[in-house]
Amino acid sequence: MRRVIIILTGSLILILAGCSKYEIPTPPCPEGDMSAKFTADIQPIFDRNCVVCHSGSQAPDLSAGWAYDELMDGGYVDADFPCESVLYQVFSGTHDGRSTEDEILQILGWIQDGAENN
């Protein structure tokens, strides 16, 4: 019985040690449109594609006047790691196809440029 426990423990250690060797690399973060401004470029994307659902009844509220504060206070934007921002992840993941590639790159560029309320 003791021998079985030692063999199982050793096997488990070998299995766990081998897991880190085969990590799946994450793709590099693309370069977004760094000229994007929140009021002129980002809010119109929300107005066209998002406020149908996100206008107060479903978080975040992306209506004009509320969107910036909702995104920043709700932790949807990470200017230090733009591709890890929830906002970018949603647009390029679960909400893929609701916006054009140019719109997604504008959002990413705005985040990469510091996500200012400009």
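Start by selecting Gly-32: this residue is buried, with a relative accessible area of 11% (buried means under 20%, exposed over 50%, partly exposed in between, with a 1.4 Å probe and protein chains only). The model is predicted, so local features need pLDDT of at least 70 and side-chain atom pairs pLDDT 80 or more, while totals for chains, interfaces and linings use all residues. Residues are numbered from 1 along each chain as its sequence is written, and side-chain values use heavy atoms, without hydrogens and water.

Gly-32 lies in the loop between α1 (2-19) and α2 (38-49); helices are DSSP runs of H or I, at least four residues, numbered from the N terminus. Now select Gln-106. It is 74 residues from Gly-32 in sequence, yet 5.9 Å away in space, C-alpha to C-alpha. Beyond neighbours within four places in sequence, Gly-32 is in contact (heavy atoms within 4.5 Å) with Leu-105, Leu-108, Gly-109 and Gln-112.

Next, select Phe-38 and Phe-46. Both are buried. The structure holds five aromatic pairs (ring centres within 6.5 Å, using the six-membered ring of Trp; planes under 30 degrees apart are stacked, over 60 edge-to-face, the rest tilted). Phe-38 and Phe-46 form an edge-to-face pair, 6.3 Å centre to centre with 65° between the planes.

Move to Tyr-68 and Trp-110. They too form an edge-to-face pair: 6.3 Å centre to centre, 75° between the planes. This pair links distant parts of the chain, with Tyr-68 in helix α3 and Trp-110 in helix α5, 42 residues apart. Both residues are buried.

Phe-38, Phe-46, Tyr-68, Phe-91 and Trp-110 form one aromatic cluster.

Key: Helices (H or I, at least four residues) and strands (E, at least two) are DSSP runs, numbered from the N terminus.
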